[in-house]
Amino acid sequence: MIVLTGATGGIGTALALALARRGEHLVLSARDEARLQALAARVREAGGTATVHACDLRDQEAVSRMAAAILEDGVPGAVIALAGHSIHRGLRETFGRPHDLVRLAGTNLLGPATLILALLEPMCARGSGRVVAVTSAATRIPTPGWAAYAATKSGLDTWLRALRPEASARGVGICVVEMPLVATAMAAPTYGSDPRAALSPEQAAAMVLRALDGDRSLISPWWVRIGAVVSQAAPARSAHLAGRGQGWVARLLRRDRSARPFRSLRHRAAERRS
């Protein structure tokens, strides 16, 4: 039994169908019951089996109830925490919106942690299992505009890294997948529907499968690790460069040049002078 959160998203659907072709039994979770049922039908058609649990990860009581319902059917062999929520806001747009951080913390940190803790205990007692959590390249390379998203994904990343040694000693492996840009609905508002250099959902799902099947504790693109070293070695300089380059990078990645997600530096400077 493999528990998968964020199952109805682009990566989640690709991953669920890949696992179904292996004949796995999947416990699918997301917020939309109808979409979950439709995905479960596709999983069964592809050769797997599935049960569904509609749940909003921001509701910790609901997450606890879902965990209890899952355990009624047995202890999972693996838990894949894929669900995520992203908001892009610059500092000016962030003023007066602390609730954005609360919303993202529920989906990206507190909800997944509540579910993982509830399932990790019986997995450790059994002495086997695998936990895979998908975070983001933004956790290692802080970028202006993505503060709330990076902070909440970083929280899950760090929490699992701290748990990993003790879980491993009890037979449960933990792997963090630091995902780069993927062409999904979550990325579309900023980068468009088909951004340059982005992974497809199927390629992203393949990264998660490597984490599930192997014994590595981290799967991350090489450039993310280099960027993390540079960010730590020269934090002020790297932050300055990130601030200057964020709009340029977004426009470069976006194929639709007519829709610019960020104002130019010259435009913002003119606004400050006016």
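Predicted model: local features only at pLDDT ≥ 70, side-chain atom pairs only at ≥ 80, totals over all residues.
**Notebook: helix packing and cores**

I started with a helix pair and noted that α1 and α2 cross in a right-handed sense.

**Entry 1: α1 and α2**

I looked up the geometry of the pair. Helix α2 covers residues 33–45, and its axis and that of α1 come within 8 Å and cross at roughly 30°. From α1 I have Thr13, Ala16, Leu17 and Ala20, and from α2 I have Leu39, Arg42 and Val43. Sorted by class, the contact of α1 with α2 holds five nonpolar residues, one polar and one charged.

**Entry 2: α1 and α8**

I kept α1 (residues 10–20) and turned to α8 (residues 201–213). Their axes lie 8 Å apart, and the packing angle is about 60°. That angle makes α1 oblique to α8. The crossing of α1 past α8 is right-handed. On the α1 side I noted Gly10, Ile11, Ala14, Leu15, Ala18 and Leu19; on the α8 side they meet Pro201, Glu202, Ala204, Ala205, Val208, Leu209 and Leu212. By class, the contact of α1 with α8 has 11 nonpolar residues, one polar and one charged.

**Entry 3: α3 and α5**

Next I checked α3 (residues 60–72) against α5 (residues 98–126). I found their axes 9 Å apart, with a packing angle of about 30°. That makes α3 roughly parallel to α5. The crossing of α3 and α5 is right-handed. The α3 residues in the contact are Gln60, Val63, Ser64, Met66, Ala67, Ile70 and Leu71, and the α5 residues are Leu110, Gly111, Thr114, Leu115, Ala118, Leu119 and Pro122. The class count for α3 with α5 is 10 nonpolar, four polar and no charged residues.

**Entry 4: the cores**

Which residues have the most contacts inside the largest nonpolar core? I found Leu15, Leu28 and Ile80, in a core of 36 residues. Leu15 is also one of the α1 residues that meet α8. Leaving out residues up to four places away in sequence, Ile80 touches Ile2, Val3, Leu4, Thr5, Leu15, Leu19, Val132, Val208 and Leu212. Another core, of 27 residues, lies apart from the largest one, and its members include Cys55, Leu57, Ile70 and Ala167. Ile70 had already come up on the α3 side of the contact with α5.

**Entry 5: Gly173**

Gly173 is in strand β6, residues 172–179. Is Gly173 buried or exposed? I have its relative accessible area as 18%. Beyond its neighbours within four places in sequence, Gly173 is in contact with Gly129, Arg130 and Val131. I also took a C-alpha to C-alpha distance: Gly173 and Asp215 are 7.1 Å apart in space and 42 residues apart in sequence.

**Entry 6: whole chain**

The secondary structure comes to 11 helices and seven strands. The chain has 274 residues, of which 47% count as buried. Of the contacts between residues at least 6 apart in sequence, 70% join residues at least 24 apart.

Technical notes:
Residues numbered from 1 in each chain as written. Heavy atoms only, no water. Core = buried A, V, L, I, M, F, W, Y, C linked by side-chain atoms within 4.5 Å. Buried < 20%, exposed > 50% of the residue type's maximum accessible area, 1.4 Å probe, protein only. Contact = heavy atoms within 4.5 Å. Axes fitted to C-alpha atoms, helices over the stretch in contact; angles between N-to-C directions. Helix = DSSP H or I, 4+ residues; strand = E, 2+ residues; numbered from the N terminus. Parallel < 35°, antiparallel > 145°, perpendicular 65-115°, else oblique. Left-handed = near helix turned anticlockwise from the far one by under 90°. Nonpolar A, V, L, I, M, F, W, Y, C, P; charged D, E, K, R; others polar.
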